[in-house]
Structures are given as C-alpha cells and as structure tokens.
Amino acid sequence: MKIDRYKIYTLDGYTYENFVSLDRKELEMILTWRNHAEIRKWMMNTAPITLEDHLAYVESLKQRDDAYYWLVRRGGIPVGVLNIMGEGIQEGIGEPGFYLAPEVLNRGQGILLLQNYKKLFLNILDFEILLGNNYVENVNALQLSLFFGAKIDGVIEKSGRKYISISLRKENFKDFRNENIVLSFVRYKRNNPVSISDILLKYNCHE
C-alpha cells in the first residue's frame with residue numbers, strides 16, 4: 001500500500017490535497033484553524049503553534065512515511081484537515097485524525113467528513129485497521145466512532161489526560177451512504193448510550 005502525497009484524492013464531492021502541495025496562504029489559513037480555541041482544546045497538544053513551527057513541520061512531511069496531512073474541501077470549499085499517523089501505515093494500520101474549520105463547526109459537517117474519510121482510507125487506500133484515541137470528555141466523538149463500527153480497546157493516559165483507545169477494522173466499517181446519516185446517528189445515540197464511568201471502571205481506571 002502506498003499513499004501518494006502529491007495526488008489530490010477525490011471521493012463523493014470531497015477532495016483531499018496534501019499539505020506538501022499547498023501554498024503559503026493555505027497553510028496560514030490551516031494554522032489559524034488549528035490555533036482556534038474550539039479546535040485546539042481537543043488536541044493532545046493544546047498550546048498554540050507558531051507559524052515558524054507550522055511551516056517547518058509541513059516541510060518535514062515531505063520526507064516522512066509515518067505522517068500524512070490533507071486540506072479537505074467539500075464542493076471546492078475548504079472545510080477541514082485530515083491526517084493519518086503511525087509506524088504501521090505502510091502495512092495498512094494508522095491513526096487518523098481530523099478537525100473542521102471553525103466556521104463550519106456544529107453544522108453537521110463532522111459526521112459527513114468522518115464517513116467520507118473512513119471510506120477513503122478503508123476502500124480507496126486499502127487500510128486494514130484505523131486506530132484512535134478519544135479524549136474521555138469528548139463523548140460525542142466516541143459515539144461517532146462506535147456508530148461506524150469501531151470497538152473499544154482500552155484506556156490510556158497521555159500528558160495527564162485520559163483517552164479511550166478504539167479500533168475500526170475494514171470488515172466492521174458501517175457505510176450509511178444510502179441513509180440519512182444524521183438521523184441514523186441520532187437513533188443510534190438514543191439506543192446505545194455511553195457511560196464513560198463504566199468504561200473507566202472496566203479498564204481499572206479512575207475519573
């Protein structure tokens with residue numbers, strides 16, 4: 001399996017253009033998103049990032065095979081950022097992450113992008129397993145992962161914060177493309193409530 005960092009991937013109205021192909025203006029826009037308070041509060045590194053560090057990191061991506069980042073557009077309009085990381089990428093195992101542009105937060109875009117990028121990784125790029133770590137307070141993100149077929153693997157702690165580890169195998173991915181995905185998720189949440197306390201107790205953790 002090989003990811004072409006210079007290819008623009010297109011799937012169902014979304015396009016994914018790698019950071020290494022973006023111009024300075026686009027990279028500055030992305031940095032503004034990343035440093036927005038509503039975005040960075042969910043990051044493992046919650047501190048603002050400088051432009052110098054941001055540009056240096058993008059430059060380093062040209063030589064790495066364990067980290068890939070894309071600017072995501074829907075209908076030609078920039079709506080967010082997608083990345084995948086991990087030492088097992090070349091073997092089809094990686095940890096994806098994404099965030100939306102602040103101006104499209106809380107407008108139903110997140111669930112649509114989640115479904116689309118999972119299809120990109122699992123059906124187009126042929127990944128076998130997608131890993132994830134959901135911050136314990138971000139219950140909605142955890143429920144979304146479970147909604148698409150992920151399983152809970154355990155609880156870890158990084159930098160003093162607890163995360164619920166999940167994994168999604170290709171054969172377990174649920175594609176809701178022929179349904180009203182938002183309505184389907186609302187029904188799923190109602191019928192499958194999540195108790196963070198129970199999860200922490202199961203894995204011998206404390207809140």
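In this predicted model, helix H4 covers residues 109–124, and at 1.5 Å a residue its 16 residues should span 22 Å. Most of H4 is covered, with 13 of its 16 residues buried. Just after the helix, Asp126 takes a positive phi of about 65°. Asp126 belongs to the loop between H4 and strand S6 (129–135), and it is a residue other than glycine with a positive phi value. With a relative accessibility of 44%, Asp126 counts as partly exposed, because it falls between the limits of 20% and 50%.

Two helix contacts involve helix H6 (residues 181–191). Two packed helices are described by the angle between their axes and the distance between the axes. The axes of H4 and H6 come within 10 Å and cross at roughly 100°. H4 and H6 are therefore roughly perpendicular to each other, since angles of 65 to 115 degrees are placed in that class. On the H4 side the contact involves Ile111, Leu112 and Gln115, which meet Ile181, Val182 and Phe185 of H6. By class, this contact contains five nonpolar residues, one polar residue and no charged residues.

Helix H5 (residues 139–147) also packs against H6, at an angle of about 105° and with the axes 11 Å apart. This angle makes H5 roughly perpendicular to H6. From H5, the contact is made by Asn140, Gln143, Leu144, Leu146 and Phe147, and from H6 by Ile181, Ser184, Phe185, Tyr188 and Lys189. The residues of the contact of H5 with H6 divide into six nonpolar, three polar and one charged.

Phe147 lies in H5 and has a relative accessibility of 2%, so it counts as buried. Phe147 and Phe185 are 38 residues apart in sequence, while their C-alpha atoms are 6.9 Å apart in space. Leaving aside residues up to four places away in sequence, Phe147 touches Ile111, Lys174, Phe176, Ile181, Ser184, Phe185 and Tyr188. Among these neighbours, Ile111 is one of the H4 residues that meet H6.

Helix H1 (residues 24–34) has the buried residues Glu26, Leu27, Ile30, Leu31, Trp33 and Arg34. These residues cover an arc of only 155° around the axis, which puts them on the same side of H1. An α-helix has 3.6 residues a turn, so residues three or four places apart point the same way. Lys25 and Thr32, on the other side of H1, are exposed. The buried residues of H1 are covered by elements including helix H2 (37–40), helix H3 (51–60), strand S3 (67–74), strand S4 and strand S5 (93–100).

Strand S4 (residues 77–85) contains Asn83. Asn83 has a relative accessible area of 12% and is buried, because the limit for that class is under 20%. Not counting residues up to four places away in sequence, Asn83 touches Tyr68, Tyr69, Trp70, Glu95, Pro96, Gly97, Phe98 and Phe121.

A positive phi is also found at Ser159, where the value is near 50° in a residue other than glycine. Ser159 lies in the loop between strand S7 (151–158) and strand S8 (161–169). The relative accessible area of Ser159 is 71%, so this residue is exposed.

Key
Residues are numbered from 1 along each chain as its sequence is written. This is a predicted model: local features need pLDDT of at least 70, side-chain atom pairs count only at pLDDT 80 or more; totals for chains, interfaces and linings use all residues. Side-chain values use heavy atoms; hydrogens and water are left out. Helices (H or I, at least four residues) and strands (E, at least two) are DSSP runs, numbered from the N terminus. The expected span of a helix is 1.5 Å times one less than its number of residues. Buried means under 20% relative accessible area, exposed over 50%, partly exposed in between (1.4 Å probe, protein chains only). Axes are lines fitted to C-alpha atoms, for helices over the stretch in contact, and angles run from 0 to 180 degrees between N-to-C directions. Angles under 35 degrees count as roughly parallel, over 145 as roughly antiparallel, 65 to 115 as roughly perpendicular and the rest as oblique. Contact means heavy atoms within 4.5 Å. Ala, Val, Leu, Ile, Met, Phe, Trp, Tyr, Cys and Pro count as nonpolar, Asp, Glu, Lys and Arg as charged, and the others, Gly among them, as polar. The arc is that of the directions from the helix axis to the C-beta atoms.
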